[in-house]
Structure formats: C-alpha cells, structure tokens
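I opened this entry to look up ring contacts.

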Amino acid sequence: MNTALTIAGSDSSGGAGIQADLKTMTANGVYGMSAITALTAQNTTGVTGIMDVTPEFLEKQIDAIFTDIFPDAIKTGMVSSSELIHVIADKLKQYNASNIVVDPVMVATSGAKLISDDAIETLKECLLPLATVITPNIPEAEVLSDMKIESEEDMEKAAKLIFEKFGCAVLCKGGHQVNDANDLLYSADGPVWFKGKRIDNPNTHGTGCTLSSAIASNLAKGETLEDSVKNAKDYISGALAAMLDLGKGSGPLAHNYKFL
C-alpha cells in the first residue's frame with residue numbers, strides 16, 4: 001500500500017486539519033500518517049484555542065515516521081510559527097522527501113491573516129521552494145505574487161509569477177472572488193484550467209485541507225500532477241454533493257461518501 005504523511009494541526013471536531021487529511025487519504029486508497037503541529041479546540045462555528053507543539057517534539061514525530069514507514073507523499077497544512085516551519089523544511093531535506101504538497105495556510109478566504117508576518121516569510125524562504133505543488137486560495141496567491149487578483153487572467157499572471165519565484169507548481173484555487181469552482185494549475189508545462197461545477201452546499205469546513213490531501217494521495221500512488229489534481233477535484237465534488245449536514249456552523253464534508 002502506498003503511504004502519505006500529513007504535517008498539520010489537529011481539528012477536534014474532525015472536519016479539517018489532520019483528521020480531514022487522514023480520512024481523505026484512507027478514502028483515496030493510501031495509508032495515512034500524521035505529525036501534529038498544533039492542537040486546536042474548534043468546531044463548525046470557530047476556533048476557541050490553539051496549542052502549538054514544541055519544535056523538538058515535531059522533530060521527533062517526523063523522525064519516527066521517516067525512519068520506519070517512509071511516506072510516498074507529504075502534505076503540509078497550517079503551521080503557525082517560524083520555528084516549526086524550519087523543522088519541517090530541514091527534515092524534508094534531510095530525508096530527501098518527494099511529492100510534497102504545501103497548503104500555504106496564511107490568509108482565510110475572508111481575508112483574515114492566520115499566521116504572523118515572520119512565519120509567512122519563513123514559509124516563503126524555506127518550505128515553498130521544496131514543494132512539488134502549492135495550493136493557495138486567492139488571498140494567499142495575492143500575498144505570494146504581490147499583486148491583486150480580480151479575474152481569471154490575473155490568476156494566470158499571479159500563478160506564473162509564483163511558479164517563477166519559488167520553482168514549484170501552483171494550483172490557484174478560484175473560489176467566490178473570481179469564479180465559482182474553476183482552479184488553475186501552473187507548472188513547467190504551462191497553465192491548465194480545471195473547470196468545476198458549483199455545488200450549493202454551505203458546509204465547506206475543511207475543503208482546503210481535503211483537496212491538498214487528496215492531491216498528495218494521488219501523487220503517492222504514482223499519478224501525474226495533472227491527474228492528481230483532477231482526481232482530487234472529483235473527490236471534493238463528491239464529498240460536497242453528498243450534502244452532509246453536521247454542526248451549527250459551516251459543517252464538514254462527507255469524506256466517506258464513496259462508502260455510504
């Protein structure tokens with residue numbers, strides 16, 4: 001069985017973070033493992049507490065995984081401190097990891113900043129250049145490209161800038177600001193659009209985590225990057241279309257929709 005590792009925070013309500021990642025990996029046919037960067041107290045209505053792990057403990061977790069069950073792909077999610085980002089980058093280089101999917105969790109779709117400026121700079125300097133592909137939303141792509149994105153043409157221009165700046169492929173997620181569900185993959189082969197169908201489901205908690213984990217799962221199985229993105233988008237569409245409705249806020253996806 002192919003293997004994948006998520007390096008991310010824990011979501012106590014199970015809809016995002018490592019819980020969403022592990023469910024996604026299982027549903028996509030790979031063996032999932034985790035190195036936890038932070039514990040969060042959260043549910044569908046919001047986050048009420050965050051407790052980061054120490055850099056030393058994150059290092060021990062990553063060592064434990066790579067020295068026993070070497071992952072075929074790695075996904076990284078929200079990492080809130082420069083020290084933890086340094087640990088992740090150093091360990092990925094030490095073990096010569098491949099198929100690295102970085103979800104550069106910096107800015108919420110609402111525009112709210114999620115990590116410090118210092119951590120953003122460390123992410124840009126240390127982790128993004130190691131990535132096979134990064135999966136920014138529109139606000140994050142604006143930060144990485146230093147430009148405003150208001151159209152699909154802007155998405156192409158920004159993705160090209162990011163690709164040239166960091167040397168990694170970019171999946172720029174459209175979202176409500178630019179289009180409904182069309183995402184742009186920019187790689188050495190140039191731009192490829194993935195047209196999506198708008199699914200009217202308000203329960204979207206954890207979609208970013210789920211998409212990046214699904215891409216990593218497909219890369220772990222040996223799929224091309226383009227096919228990995230296509231398969232991941234198909235999986236997300238199915239998980240949304242199942243219309244799971246849990247919690248009082250924006251609820252989680254049906255990660256196990258294939259088995260219902």
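The notes below go through the rings and their surroundings.

I worked on a predicted model, where local features need pLDDT of at least 70, side-chain atom pairs count only at pLDDT 80 or more, and totals for chains, interfaces and linings use all residues. Residues are numbered from 1 along each chain as its sequence is written, and side-chain values use heavy atoms, with hydrogens and water left out.

Entry: aromatic pairs. I found four of them in the structure. Rings of Phe, Tyr and Trp (its six-membered ring) pair if their centres lie within 6.5 Å; planes under 30 degrees apart are stacked, over 60 edge-to-face, the rest tilted.

I looked at Phe66 and Phe70. Their pair is edge-to-face, with 5.0 Å between centres and 85 degrees between planes. Phe66 is buried at 5% relative accessibility, while Phe70 is partly exposed at 39%. Buried means under 20% relative accessible area, exposed over 50%, partly exposed in between (1.4 Å probe, protein chains only). I also noted that Phe66, Phe70 and Tyr95 make up one aromatic cluster.

Next I took Tyr235 and Tyr257. The ring centres are 5.6 Å apart and the planes at 40 degrees, so this pair is tilted. Tyr235 lies in helix α8 (residues 225-241) and Tyr257 in the segment after α8, so the pair ties together parts 22 residues apart in sequence. Helices are DSSP runs (H or I, at least four residues), numbered from the N terminus. Tyr235 is buried at 1%; Tyr257 is partly exposed at 21%.

Entry: charge over a ring. The charged end of Lys195 sits over the Trp193 ring, 5.0 Å from its centre. The test is NZ of Lys or CZ of Arg within 6 Å of the ring centre and within 35 degrees of the ring normal.

Definitions and conventions. Helix = DSSP H or I, 4+ residues; strand = E, 2+ residues; numbered from the N terminus.
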